[in-house]
Amino acid sequence: MLTSKGIKNVKEGFPLKIQAEEVRNVDIDFDREFISRTIPKLDWNALIFAAQCVGHQEDLPETLPESYDNDEDLLKKLHHILLEVEVVNGCLECPETKRKFPISNGIPNILMILPTIVLLQVLRIQERLQELQLSVKSQTPDHRARKPQEARKSPPI
């Protein structure tokens, strides 16, 4: 399932909106059994939304009929939208943050951008270093509290 839930402050991040710039139809042999077994695993509302986004709703019902596995016409429509409609180029948009993830050559890239990840890691390292410095300072005796003659002595090497 494609979701943007991993982004900070995103509660659900689903379904992602498909903004297709290039859509291609590919011919794939119809397999009634495969489609029938796939349907119970689908989020029907997300499927309808995705089909609308790419302009292929094709009279799909708003709710899944109880006897879907006996409806050859519906199974063929589902086969088409699930297997034969391919988004070649475009983007996926998070419904909450409106962040866009590119689709290039049919492959969606929902990874965080590398510089963003590196920056987050650098900030975490800086925070940890500050914590360690505070910890060391709290365990080290204050040099200013020494007697004047002790402060003048050089520490042994």
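Let's start with Cys91. Cys91 is buried, because its relative accessibility is 11%. Buried means under 20% relative accessible area, exposed means over 50%, and partly exposed lies in between, with a 1.4 Å probe and protein chains only. Now Cys53. Cys53 has 22% relative accessibility, so Cys53 counts as partly exposed.

A word on the model. This is a predicted model, where local features need pLDDT of at least 70, side-chain atom pairs count only at pLDDT 80 or more, and totals for chains, interfaces and linings use all residues. Residues are numbered from 1 along each chain as its sequence is written, and side-chain values use heavy atoms, leaving out hydrogens and water.

Next, the overall layout. The protein chain has five helices and four strands. From the N terminus, the order is β-α-α-α-β-β-β-α-α. Helices (H or I, at least four residues) and strands (E, at least two) are DSSP runs, numbered from the N terminus. Of the 157 residues, 23% count as buried.

Now to helix 4, residues 114–139, where Leu129 sits. Leu129 is partly exposed, because its relative accessibility is 48%.

Last, a ring. What sits over the ring of Phe30? The charged end of Lys76, 5.8 Å from the ring centre. The cut-offs: NZ of Lys or CZ of Arg within 6 Å of the ring centre and within 35 degrees of the ring normal.
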